[in-house]
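Hello,

Here is the structure I promised to pass on. Please open it and keep it beside you while you read my notes below.

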Amino acid sequence: AVLVSLGAVAVSGQNAVDETRAREIFKQLVEINTTHSVGSTTTAAEAMAARFKAAGFADVRVLEPAPRKGNLVVRYPGSGTKRPFLLLAHLDVVEAKKEDWSFDPFTLTEKDGFLYGRGTADDKTMAAVFVANLIRLKFEGYVPSRDIILALTADEEGGPQNGVKWL
């Protein structure tokens, strides 16, 4: 019974670390301005690349077709028994004027159980979930049956620097 209790505490402690890391990643992404006019998806891509490199990922690339239009591509190697799998999210967000918001759009704000900030609904949540979970799996020593490729892209609405099209 003592061993089971200690195991539960260890898992609970690790879950808290994973949740904290995920929240930090999400906050970091929301607080990086990635609008077309003045923002930079390159800044966001480089921030996530640094996290992956710190976690021991070897194949991490920031690819930039134009200034401030960086894309991140990360490969998590698997055993190769199945074909690779692609996870995709975009880093850019629609313009946000501070005067149109009740809160600063580039500060993650929690109020009444809700999170506010530009990108919380589209699509920085998905990007943060992918980043946090790949890092968690790496720390756990998980080896997938296929390579998992993550692409965090720029300009998902279109244009010459559309990350998916450009990549």
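Gln-14 sits in helix α1. Keep in mind that this is a predicted model.

Next, the whole chain. The protein chain has four helices and six strands. Starting at the N terminus, the order of the elements is α-α-β-β-β-β-β-α-β-α. The C-alpha atoms fill a box of roughly 60 × 45 × 20 Å along the principal axes. The protein chain has 167 residues, and 40% of them count as buried. Take the contacts with a separation of 6 or more: residues 24 or more positions apart make up 68% of them.

Now the strands. Strand β1 covers residues 59–63 and pairs with β2. The sense is antiparallel, over five bridges. Look for Asp-59, which stands opposite Arg-75 in β2. β2 also pairs with β6, in the antiparallel sense and over five bridges. There, Tyr-76 has Ile-148 in β6 as its bridge partner.

Then look inside. The largest nonpolar core holds 32 residues. Phe-52, Phe-57, Leu-72, Leu-150 and Leu-152 have the most contacts within this core. Which elements supply at least two residues each? They are α1 (2–30), α2 (41–54), β2 (71–76), β3, α3 (124–140) and β6 (148–153). The biggest share comes from α3, which gives eight residues.

Leu-150 then contacts Phe-52, Leu-72, Val-73, Val-74, Leu-87, Phe-130, Val-131 and Leu-134.

Last, the surface. Leu-86, Leu-88 and Val-164 form a nonpolar patch there. Together they have about 260 Å² of accessible area. Leu-88 belongs to strand β3, residues 85–90. Why can Leu-88 count as partly exposed? Its relative accessible area is 41%, which falls between the 20% and 50% cut-offs, so Leu-88 is partly exposed.

Best wishes

How values were computed:
Residues numbered from 1 in each chain as written. Predicted model: local features only at pLDDT ≥ 70, side-chain atom pairs only at ≥ 80, totals over all residues. Heavy atoms only, no water. Patch = residues over 30% accessible without salt bridge, like charges linked within 9 Å, V, L, I, M, F, W, Y side chains within 5 Å. Areas by Shrake-Rupley, 256 points an atom, 1.4 Å probe, with all protein chains shown as cover. Salt bridge = Lys/Arg side-chain N within 4 Å of Asp/Glu carboxyl O. Buried < 20%, exposed > 50% of the residue type's maximum accessible area, 1.4 Å probe, protein only. Core = buried A, V, L, I, M, F, W, Y, C linked by side-chain atoms within 4.5 Å. Contact = heavy atoms within 4.5 Å. Pairing = 2+ DSSP bridges. Lists of a residue's contacts leave out its neighbours within four places in sequence.
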